[in-house]
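Colleague: I am new to this structure and would like a short tour. Could we begin with how its parts are named?

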Amino acid sequence: MKSDIKLIDKEGKRLDGRKRDELRPIKIEVGPLYRADGSCYIEWGGNKILAAVYGPREALPRHIQHPLRAVVNARYNMASFSVEDRKRPGPDRRSTEISKVISEALEYVILTEQFPRAMIDINIEVLDAEAGTRCAGLTAAAVALADAGIPMRDIPVACAAGKIDGQVVLDLGKEEDNFGEADLPVAIAPRTDEIILLQMDGHLTVKEFDEAIELAIKGAHVVSELQKKALLAKYAVAKEVKQ
Amino acid sequence: MNSTLISSIKKDYLNKLAEQKKRIDGRAFDEYRKISIETNIVRKAEGSARVKIGNTQVLAGVKMDVGEPYSDSPESGVLTTSAELIPMASPDFEAGPPREDAIELARVVDRGIRESEVIDLDKLCIEPGEKVWIVFVDIHVLDYDGNLFDASSLAALAALSTAMVPAERFEMGKDYPLPIKEPPISCTFVKFNKAIVVDPCLDEETIAEARLTVATDEEGNIRAMQKGLSGSFTLDEVKKVIKASIDNGARIRKILEDAVGRDHGKKN
Amino acid sequence: MKKEVRDVVLPSQLLGDTKKLKAGPGTFVENNKIYAETLGIRHIRDNTVSVSPLKGFYQPHAGDIVIGVVEEVGTSMWLVDINAIYPALLHVNEVPWHVEFGDTARYLNYGDVVLAKMLPSGESDRLQITLKDRTLHKINGGMIIEVEPTKIPRVIGKKGSMIAMLKKYTNCRIFVGKNGRIWVEGDPNAILKIEKAIRLIEREAHTYGLTDRINALLREQ
């Protein structure tokens with residue numbers, strides 16, 4: 001979609017004042033829900049997303065059970081009031097696809113062989129949307145999984161890069177997503193830099209892709225530190241000690 | 001990991017406590033858990049509120065659009081309420097279209113708003129017979145620990161009380177606050193072992209024989225009622241519940257007014 | 001003021017090298033390096049590093065004494081919820097009564113609570129429990145408090161010190177199931193106090209000085 005808006009100026013400043021490799025502000029809260037086995041609330045730019053985990057528990061109905069490992073079901077959903085034009089409640093094709101790619105990414109890092117015939121349900125609910133919801137959602141889901149005590153080989157994290165006005169930038173905001181030229185969401189297992197989610201739409205030369213993915217992975221590592229900080233912060237209890 | 005399976009021991013314990021006029025969490029029969037109301041949570045929504053009653057958490061969002069009126073009320077706006085018991089709120093909620101619990105919840109909250117004329121729908125007419133404002137109230141249950149009726153209705157009212165009509169987006173002038181009148185407050189009670197308690201927690205709801213929700217206004221008049229579950233109430237019990245609703249309603253109305261007055265106009 | 005927290009580690013955190021340490025429960029090995037699997041506390045003993053999860057589901061071991069709730073009644077067996085990933089099977093051969101085929105509900109019905117023992121899982125790989133022991137039986141009366149199974153050792157305390165303290169200050173009968181269920185019997189106010197203490201243990205099990213704080217809580221009115 002073309003527009004007259006200049007998304008990035010000559011000095012490399014974007015509409016919201018960010019530089020090309022700057023992330024939007026991110027806040028992560030661990031365990032805000034009472035019933036869920038693990039949960040996480042994330043604010044990423046204007047996004048407000050809740051993730052909750054139930055499991056592992058017996059996989060039912062029985063026909064979805066896998067004899068050798070747990071089945072991982074991530075469900076991504078946008079609340080009807082989360083977008084400017086109200087969305088009809090219920091899954092649509094977009095959320096079904098996003099649910100699938102997120103499930104597959106999470107399945108890679110969860111040590112599912114420890115729970116044959118079980119299922120792990122992950123709910124990602126977008127309460128307020130502003131571009132990059134699948135990356136923020138996966139990032140929150142990862143923290144919720146850790147909070148639930150689910151064994152994983154890594155804590156996955158996601159971040160997107162894109163192209164606006166011919167320039168590759170990190171973490172697209174709303175107008176950049178609507179009027180930019182490319183969008184590249186990426187999820188990695190940060191310990192090994194393995195790529196577990198990768199989608200792209202728009203137009204990128206190979207050189208631009210190299211630039212974009214490097215930016216996205218760098219950004220993901222920054223977010224990964226925030227996830228870890230949030231998890232540890234929950235369990236650091238300051239206490240007076242009589243000297 | 002199993003959830004609604006309540007053991008016979010817990011059930012007996014709750015019943016025994018009831019005989020001693022006690023509740024499992026130490027509350028009095030007519031005592032609510034801690035209520036907190038936060039408004040203007042969702043920027044994209046025209047109005048929003050998150051209500052916590054104890055551990056129960058409900059988020060309500062108000063969205064508005066321009067559309068056609070119903071043919072039998074050509075000069076009135078349209079109100080539509082829906083509720084989703086999303087799977088994250090409880091290990092027992094499944095994904096899928098709303099089933100009877102969600103539908104009952106939505107309809108009870110809807111009646112509480114509509115029949116008491118909290119929104120003056122006649123003020124939402126743009127062009128008679130052609131264009132009116134449509135108000136969508138969407139209730140999103142995030143954490144279920146009993147008493148969804150009160151949490152949901154309070155969230156819906158708080159969201160409506162702080163909602164702005166998005167006139168600018170439709171090029172109809174400046175945004176202005178949605179015209180709202182004094183709302184009725186709903187109070188829910190459950191009965192088990194002859195005890196009637198207000199604001200049931202999850203365990204109490206699980207063993208409840210019957211449930212009664214009563215909505216009252218600031219003058220102490222009754223605006224809505226809903227009895228649920230397959231047990232019964234005596235007329236005397238119903239009258240006691242009405243009185244308790246009026247008392248609790250006044251207290252909760254104050255909490256709502258403080259939250260709405262305090263947060264009105266603030267956008268996150 | 002000093003921050004006193006046990007060694008909390010995150011999934012994928014590097015714990016050591018297989019050349020110097022052995023990999024215990026809660027860890028995995030990749031390229032001779034040992035990593036944590038879950039959010040938990042790191043322990044090193046006898047040159048073995050292990051991680052005990054801060055939160056999680058109950059992992060049954062043969063011999064564990066558990067508190068279960070009957071969730072299904074079959075003709076020659078019951079399915080019992082023991083707060084694990086799967087329910088456990090209780091066969092009519094594993095109860096102290098002589099149960100006729102189809103007569104199972106008369107002995108144990110939906111929602112009944114039992115004190116049972118985990119059996120070694122046989123070839124079927126199913127979780128199985130038994131009531132065949134003088135100390136095992138159906139439980140009546142009292143109340144059940146649920147707690148994170150990973151916190152049970154803390155509820156019991158070193159040599160039972162924590163649970164002894166709970167009993168002393170509340171005058172309640174208390175029995176702790178390995179599967180995160182605690183049976184209590186006594187005055188309702190005392191039971192409320194125990195529940196408060198248990199929640200505090202859950203929140204702060206990973207800190208030092210917890211015993212003192214629990215003591216203070218139990219003493220206040």
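Modeller: Domain bounds here come from an automatic or database domain assignment. This is a predicted model, in which local features need pLDDT of at least 70, side-chain atom pairs count only at pLDDT 80 or more, and totals for chains, interfaces and linings use all residues. Residues are numbered from 1 along each chain as its sequence is written, while chains are lettered from A and ligands numbered from 1 in the order in which they are written.

Colleague: Into which domains is chain C divided?

Modeller: Chain C has domain 1 (8–53), domain 2 (65–139) and domain 3 (143–219).

Colleague: How many residues of domain 2 of chain C are in contact with domain 3 of chain C?

Modeller: On the domain 2 side there are 8, in contact with 8 residues of domain 3 of chain C; contact requires C-beta atoms, placed from the backbone, to lie within 7 Å. The C-alpha centres of these two domains of chain C are 26 Å apart.

Colleague: Changing topic, how many residues of chain A are in contact with chain B?

Modeller: Chain A contributes 26 residues, in contact with 28 residues of chain B. The chain A side divides into 12 nonpolar, 5 polar and 9 charged residues. Here Ala, Val, Leu, Ile, Met, Phe, Trp, Tyr, Cys and Pro count as nonpolar, Asp, Glu, Lys and Arg as charged, and the others, Gly among them, as polar.

Technical notes
Two residues are in contact if their C-beta atoms, placed from the backbone, lie within 7 Å.
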